[in-house]
Amino acid sequence: DSNLKLRRLYYTFRPIPDLAVTVGAKMSPRDFIDRNRYANNEAVDFSSSFFINNPLIVQNQIDREGGAGAAIAWNPKGSKLSVRSLYIASAANQANSTTDAGLFGGPHQASVELEYLPSNKLAVRLQYTNAEINNTHINAFGVNAEYALNRNTGVFGRLGFGNYQGFNTAIQRDLDLHPLSWAVGVGLRNFVIPGTVAGIAIGQPFVTKDLGNTTQTNFEAFYNLELSDNISVTPILSLINKPNNDSSQGTIWQTTLRTVFSF
């Protein structure tokens, strides 16, 4: 059926114990980089893609539909360092197209991430992404960090700096942008009720004076409650102020009740 979509199709193997190699026809960057124990699982914690991943490092137009490519993850035995990298092209199946597509053309993203775990409380990840989206060339650097204050409370943050150059075919405009993206939040476990997961975060996905006349700000809070080993419910409150960096836009409020069945 034409409405049937395959979201994941890849194969992971280990040529040596410390190295994982993945190849596939349908891969999403979020599965391989920019993880965070407090903000990275839409089935348990935040529901907004902005708080799940840094939008400069994990490009939505690649991640949303996925594409063909490869990824590697190297964690030397006994080391506190891990290295991950990937290359994914969302139009790899259009190699015969008259447009700039194929495995090495069109929308694609290449990323590398260095993770340092000095203790079981702290994790720091340094990131770089090179991408081409809508004929715009993107270079972005990011930092993803988390720190467990105690067994039940932790803080996290993401920060990104980008460089967008070229004529963007989506908005029909030449771009010379240097955006910043940031998000900070708190994660809580066993809050009031044992077994619960809660969180609150605030951030700005695309801070730049050259696109729009203000800056969008996002806020989200959630409370995940396990009803059983297989069912959880999560009330979520989201707020977006000045969406799309447009001062004429009002504030968007959204309430959601997410139910997850695990089996």
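I began with burial: buried residues make up 41% of the 263 residues in the protein, where buried means under 20% relative accessible area with a 1.4 Å probe, protein chains only. This is a predicted model, in which local features need pLDDT of at least 70, side-chain atom pairs count only at pLDDT 80 or more, and totals for chains, interfaces and linings use all residues. I keep in mind that residues are numbered from 1 along each chain as its sequence is written, and that side-chain values use heavy atoms, with hydrogens and water left out.

Next, shape. A compact globule of 263 residues would have a radius of gyration near 18 Å, and the protein's 19 Å agrees with that (taken over C-alpha atoms; the rule is 2.2 Å times the number of residues to the power 0.38).

Then I turned to pockets (open sets of points on a 1 Å grid over the protein atoms alone where a 1.4 Å probe fits, with protein on both sides within 12 Å along at least five of seven lines; lining residues have an atom within 4 Å of a point). The largest pocket holds about 1,000 Å³ of space, a volume being the space filled by probe spheres set on the points. I found 38 residues lining the largest pocket, with P55, N60, P205, F206 and N244 closest to its centre.

Last entry: the second largest pocket has about 270 Å³ of space. Its lining has 18 residues, and R14, A20, R35, A73 and R84 sit closest to the centre.

Notes
Buried means under 20% relative accessible area, exposed over 50%, partly exposed in between (1.4 Å probe, protein chains only).
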